[in-house]
Amino acid sequence: MASYAVKEMFVTLQGEGLNAGRRALFMRFSGCNLWSGREEDRAGAECTFCDTDFVGMNGDHGGRYAGADELADKASALWCEGLEEGAPCAFVVLTGGEPLLQVDAALIDALHARNFEIAVETNGTIAAPPGIDWICVSPKAGTEIVQRSGDELKLVWPQPGVDPDAMESWAFRHHLVQPMDGPGQVDNRNAALKFVYQHPRWRLSLQTHKLIGLP
Ligand SMILES: C[S@@+](CC[C@H](N)C(=O)[O-])C[C@H]1O[C@@H](n2cnc3c(N)ncnc32)[C@H](O)[C@@H]1O
Ligand SMILES: Nc1nc2[nH]cc(C(=O)O)c2c(=O)[nH]1
Ligand code: SF4
Ligand SMILES: [Mg+2]
C-alpha cells in the first residue's frame, strides 16, 4: 500500500484560476521533479521561479501518511472544521511540489468516498490518473508536457522559451496567464496584461490569496 509524504494541509480560498474565491482544502505534497527545493539548486533547476516551500513534511498537518484512508480521513476532518454537519461542496486541491509524483487511484477513490471534488495543480510532465475532477496544468519552459488536456492551462508569464500559440491546440477548456511573482513582479504583471490584451483566448489569473494575506 502506498504511503504519502505531505508537506502541509490547510483550509483557505483557492487563490488562482477559474476556481478563485472557492473554499478549498489544500493538500500540499512534498517534493518536485523539476527542483529540489533547495535555494542553492534553484538557478540550475528546470523550474527556477517557484514560490513554494515543499521540502519535508513539517508544515501544518504534514507528515508521512501510511495510506489513502488515513490521509483522506484527515482531509475530511480538516474540511469539516467550522462547517455545519452535512455541508455540501467539499473541495480539495492537490498541489505541491508536484502532486502527481504521489497521487494514485487509491487516494482519488478515498477522497471521492468522502464526497470531495478533487482538483489538481500540476506541472504537466506526468500524466494525470483517471478520476480527477479539475485538472490545472502549468507548463514550465524547456519541459515536455505530457498532460495536454484538462480544465485549465495556467501559464506563468513571462517565460522565455514557451510557445503559447502552440498550446492553444492542446485540449484545455480555459487558458490563463498568471504573472510571475518574485523579482520583477511589476514588469511581469504588465507583460501579462499586455499578453491578454493581445490574445483574447487567454484570461488573466491573479494570485488573489497573496493580495489579501491568505495562505
Ligand atoms: C507551486 S506550484 C505546485 C504545483 C505544480 N508543481 C505546478 O507547478 O503546477 C502551484 C502553482 O503555482 C504557480 N507558481 C509557482 N511559482 C510561481 C510564481 N513565482 N509566480 C506565479 N505563479 C507561480 C505554478 O506555476 C502552479 O500553477
Ligand atoms: N490560496 C492559495 N491558492 C493557491 N492556488 C494554487 C496554489 C498552489 O500553491 O498550488 C495556491 C496556494 O498556495 N494558496
Ligand atoms: S514545478 Fe511547481 S512545485 Fe515544482 S518547482 Fe516548479 S512551481 Fe514549484
Ligand atoms: Mg501557492
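Here are a few friendly notes on the ligand surroundings and annotated residues in this predicted model.

1. Some housekeeping. Residues are numbered from 1 along each chain as its sequence is written, while chains are lettered from A and ligands numbered from 1 in the order in which they are written. As the model is predicted, local features need pLDDT of at least 70 and side-chain atom pairs count only at pLDDT 80 or more, whereas totals for chains, interfaces and linings use all residues.

2. Ligand 1 has 18 residues around it, and Asp51, Thr52, Asn123, Ser138 and Asp181 come nearest. Here, a residue is near a molecule or strand if its C-beta atom, placed from the backbone, lies within 6 Å of it. Strands E5 (117-122) and E7 (149-157) each give at least two residues to this shell; strands (E, at least two residues) are DSSP runs, numbered from the N terminus. By class, the shell has five nonpolar, eight polar and five charged residues. Ala, Val, Leu, Ile, Met, Phe, Trp, Tyr, Cys and Pro count as nonpolar, Asp, Glu, Lys and Arg as charged, and the others, Gly among them, as polar.

3. Around ligand 2 you will find residues including Thr12, Phe26, Thr52, Glu121 and His209.

4. The surroundings of ligand 3 include Cys32, Cys47, Cys50, Thr52 and Trp35. This shell divides into six nonpolar, four polar and two charged residues.

5. Thr52 deserves a look of its own. It sits in the loop between strand E2 (23-29) and strand E3 (63-65), and UniProt (unreviewed entry) places a "binding site" feature there. UniProt positions follow the numbering used here, with feature names shortened, and annotations may be inferred rather than shown by experiment. Thr52 is partly exposed because 13 other C-beta atoms lie within 10 Å. On this scale, a residue is buried if 20 or more other C-beta atoms lie within 10 Å of its own, exposed if 12 or fewer, and partly exposed in between, with C-beta atoms placed from the backbone.

6. Why is Cys32 buried? Cys32 counts as buried because it has 22 other C-beta atoms within 10 Å. Beyond its neighbours within four places in sequence, Cys32 is in contact (C-beta atoms, placed from the backbone, within 7 Å) with Gly37, Phe54, Gly96, Gly97 and Glu98.

7. Cys50 lies in the loop between E2 and E3. Cys50 is buried, with 20 C-beta neighbours inside 10 Å.

Technical notes. Helices (H or I, at least four residues) and strands (E, at least two) are DSSP runs, numbered from the N terminus. Two residues are in contact if their C-beta atoms, placed from the backbone, lie within 7 Å.
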